[in-house]
Amino acid sequence: QLTRCGVDFFDVYLLHGLDGENAAFAEEQGCFAFLQELQQTGKVRFTGFSFHDTVDVLEDFIGDYNWDFIQLQLNYYDMEREDYKQQYELVRSHNIPVAVMEPVRGGFLAHTVPDAQKIIAENYGENKSAALALSYVNNLDGVYIVLSGMSNMEQLKDNVNTFANPVAMDEKATKVLTDVMAAINAFKVVDCTKCEYCLPCPVGINIPKVFEVYNKYEMFKNEWGLKEGLKELEVAPDACIGCGVCASHCPQAIAIPDRIADFNNI
């Protein structure tokens, strides 16, 4: 690798995408010790890993080696989810610097739901959604670098400007982020309350679960997430026969067969 890159050492070298299964395998194969050896021989300056699992898994091996950094998925949306917050707090309790990945959550926080974008625009101006998200993670204790995926020169310039002039994380920002999260959490294309009055479906479709997958897709526009959500359904939504029995029992007066048809036409 050093020869291919034409360098004598790497500044940063990490194991990518550790989770419970491959972290155990990596340790069995001596990967962690190998990184330490690379560092001791001067081939690598800083060692770390990126992580994709639960806080319990992280806690199992975080203290086994002297890590220079740990790369975590951090953004203001995921920090509302307990496990992500606990991962960050665990890393900081070990006084390990944090490299941030997914600061705008795959682009979702740069182009979030309409009501959330409106709140951001009213407080900070148009097209400031990405800047708010990047400024939030940049302000977190222990963050030494924020990784941002950029697709064009305009995004690059916007990111450079953001870090040169970040949005102040003050009381105003705290209020804005609270209101933005409320708007995101309230977003639904189908206003299903999961009361399950529509069940059982004559053909076995789990209607509330279908609408959960539908709402998540419309929020994140994540094709992979859509495919994974559909895999969890025992009966696919395209099995709907449009009988309307479900709609006659729905307290929210949702035209269920029509909305399932909309989902099937994505």
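Student: Which residues does Ser135 touch, not counting residues up to four places away in sequence?

Tutor: The model is a predicted one, and Ser135 lies in its helix α7. Leaving out residues up to four places away in sequence, Ser135 touches Thr162, Pro166, Val167 and Met169.

Student: Is Ser135 buried or exposed?

Tutor: The cut-off for a buried residue is a relative accessible area under 20%. The relative accessibility of Ser135 is 3%, so Ser135 counts as buried.

Student: At what distance does the side chain of Ser135 reach the backbone nitrogen of Val167?

Tutor: Val167 is one of the residues that Ser135 touches. A polar contact requires a pair of N or O atoms within 3.5 Å. From the side chain of Ser135 to the backbone nitrogen of Val167 the distance is 2.9 Å.

Student: How are α7 and α8 oriented to each other?

Tutor: Helix α7 covers residues 129-138 and helix α8 residues 153-164; their axes come within 10 Å and cross at roughly 45 degrees. Angles under 35 degrees count as roughly parallel, and 65 to 115 as roughly perpendicular. The crossing of α7 and α8 is right-handed. The two helices, α7 and α8, are therefore oblique.

Student: Which residues of α7 and α8 make the contact, and how do they divide into nonpolar, polar and charged?

Tutor: On α7 the contact is made by Ala130, Ala131, Leu134, Ser135 and Asn138, and on α8 by Asp158, Asn159, Thr162 and Phe163. By class, the residues of this contact of α7 with α8 are 4 nonpolar, 4 polar and 1 charged.

Student: How are α6 and α9 oriented to each other?

Tutor: The axes of α6 and α9 are 8 Å apart, and the helices pack at an angle of about 160 degrees. α6 passes α9 in a right-handed crossing. Angles over 145 degrees count as roughly antiparallel. α6 and α9 are therefore roughly antiparallel.

Student: How do the residues of the contact of α6 with α9 divide into nonpolar, polar and charged?

Tutor: The contributors from α6 are Asp115, Ala116, Ile119, Ile120, Asn123 and Tyr124, and those from α9 are Lys172, Ala173, Val176, Asp179, Val180, Ala183 and Ile184. These residues of the contact of α6 with α9 divide into 9 nonpolar, 1 polar and 3 charged.

Student: How far does the backbone nitrogen of Val55 lie from a polar atom of the side chain of Asp83?

Tutor: Asp83 is found in helix α5, residues 82-93. Its relative accessible area of 26% is why Asp83 counts as partly exposed. Apart from neighbours within four places in sequence, Asp83 is in contact with Asp53, Thr54 and Val55. Between a polar atom of the Asp83 side chain and the backbone nitrogen of Val55, the distance is 3.1 Å.

Student: Is Gln36 buried or exposed?

Tutor: Gln36 has its place in helix α3, residues 31-40. Residues up to four places away aside, Gln36 touches Thr47, Tyr65 and Asn66. Because its relative accessible area is 14%, Gln36 is buried.

Student: Is Lys227 buried or exposed?

Tutor: Lys227 is placed in helix α11, which covers residues 223-231. An exposed residue has a relative accessible area over 50%. With a relative accessibility of 55%, Lys227 therefore counts as exposed.

Student: Which peptide bond is cis, with omega near 0 degrees?

Tutor: Most peptide bonds are trans. Pro200 is found in the loop between α9 (171-186) and α10 (207-220). The cis peptide bond, with omega near 0 degrees, runs from Leu199 to Pro200.

Student: What phi does Glu196 have?

Tutor: Most residues other than glycine have a negative phi. Glu196 is found in the loop between α9 and α10 and, at 46% relative accessibility, counts as partly exposed. Although Glu196 is not a glycine, its phi is positive, at about 70 degrees.

Student: What phi does Arg105 have?

Tutor: Arg105 has its place in the loop between β4 (98-101) and α6 (114-124). Arg105 is not a glycine, yet its phi is positive, at about 50 degrees.

Student: Finally, what share of the residues in the chain is buried?

Tutor: The chain has 12 helices and 5 strands, and its C-alpha trace spans about 70 × 45 × 35 Å along the principal axes. Of the 266 residues in the chain, the buried ones make up 38%.

Key. Residues numbered from 1 in each chain as written. Predicted model: local features only at pLDDT ≥ 70, side-chain atom pairs only at ≥ 80, totals over all residues. Heavy atoms only, no water. Axes fitted to C-alpha atoms, helices over the stretch in contact; angles between N-to-C directions. Helix = DSSP H or I, 4+ residues; strand = E, 2+ residues; numbered from the N terminus. Left-handed = near helix turned anticlockwise from the far one by under 90°. Contact = heavy atoms within 4.5 Å. Nonpolar A, V, L, I, M, F, W, Y, C, P; charged D, E, K, R; others polar. Buried < 20%, exposed > 50% of the residue type's maximum accessible area, 1.4 Å probe, protein only. Polar contact = N/O pair within 3.5 Å; in protein donor to acceptor, adjacent residues only side chain to side chain.
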